[in-house]
Amino acid sequence: MSAVEAKLAELGLTLPEVVPPLAAYQPAVRSGVYVYTSGQLPMVDGKLPVTGKVGGEVTAEEAKKLAATCALNALAAVKSVAGDLDRIKRVVKVVGFVASAADFTGQPAVINGASELLGAVLGDKGVHARSAVGVAVLPLDAPVEVEVQVELVQD
């Protein structure tokens with residue numbers, strides 16, 4: 001077990017299977033020392049645990065937890081092309097999308113769920129640049145979607 005996966009276990013988390021693509025794309029691709037994930041939905045065992053707009057059918061607190069699930073799914077996608085999560089040199093960028101009710105403005109707090117999970121699991125390597133964007137709708141009516149870019153240690 002890698003040190004990163006041991007840290008996940010210490011936090012009571014298990015790295016899931018890679019979420020299969022919903023369309024014509026790969027969950028993650030590697031280019032040189034960088035891995036770029038596709039947008040990761042908060043899928044758990046092949047299903048969305050909740051759907052709808054944040055600030056409407058979904059609370060900000062629920063959405064924050066879903067963003068953490070997205071980040072966990074992103075780590076699984078990274079591992080699928082990097083081979084080992086201990087190869088992560090640092091998380092470079094996180095982009096989070098929040099399907100928002102018309103008056104909801106708490107997107108940064110929602111995407112903190114992803115950022116905080118990456119920090120808890122990776123420590124200083126998890127510190128990253130970030131965008132948190134409100135959108136009208138996401139695939140499958142998901143409340144949140146997160147994509148991650150990481151730099152790997154040189155081969």
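1. Let's start with Lys7, which is partly exposed in this predicted model, with a relative accessible area of 27%. Lys7 forms a salt bridge with Glu10, and their closest N and O atoms are 3.0 Å apart. Glu10 is exposed, at 59% relative accessible area. Why can these two residues meet? Both sit in helix H1, three residues apart, so about one helical turn separates them.

2. The structure holds five salt bridges, and another one to look at joins Glu116 to Lys64, with 3.1 Å between the closest N and O atoms. This pair links distant parts of the chain: Glu116 belongs to helix H3 (residues 107–122) and Lys64 to helix H2 (residues 60–82), 52 residues apart. Glu116 is partly exposed at 43%, and Lys64 is partly exposed at 30%.

3. Next, find Lys89 and Glu151, a salt bridge whose closest N and O atoms are 3.8 Å apart. Lys89 lies in strand E3 and Glu151 in strand E5, so the pair ties together parts that are 62 residues apart in sequence. Is Glu151 buried or exposed? Glu151 is buried, with a relative accessible area of 16%, whereas Lys89 is partly exposed at 46%.

4. Now for the strands: E1 and E2 run antiparallel and are joined by four bridges. Ala28 stands opposite Thr37 in E2. Two residues lie between the strands of this hairpin, and Gly32 in the turn has a positive phi of about 65°.

5. Leu22 is in the loop between helix H1 and strand E1 and is partly exposed, at 46%.

Definitions and conventions. Residues are numbered from 1 along each chain as its sequence is written. This is a predicted model: local features need pLDDT of at least 70, side-chain atom pairs count only at pLDDT 80 or more; totals for chains, interfaces and linings use all residues. Side-chain values use heavy atoms; hydrogens and water are left out. Buried means under 20% relative accessible area, exposed over 50%, partly exposed in between (1.4 Å probe, protein chains only). Two strands pair if DSSP finds at least two bridges between them. A salt bridge is a side-chain nitrogen of Lys or Arg within 4 Å of a carboxyl oxygen of Asp or Glu.
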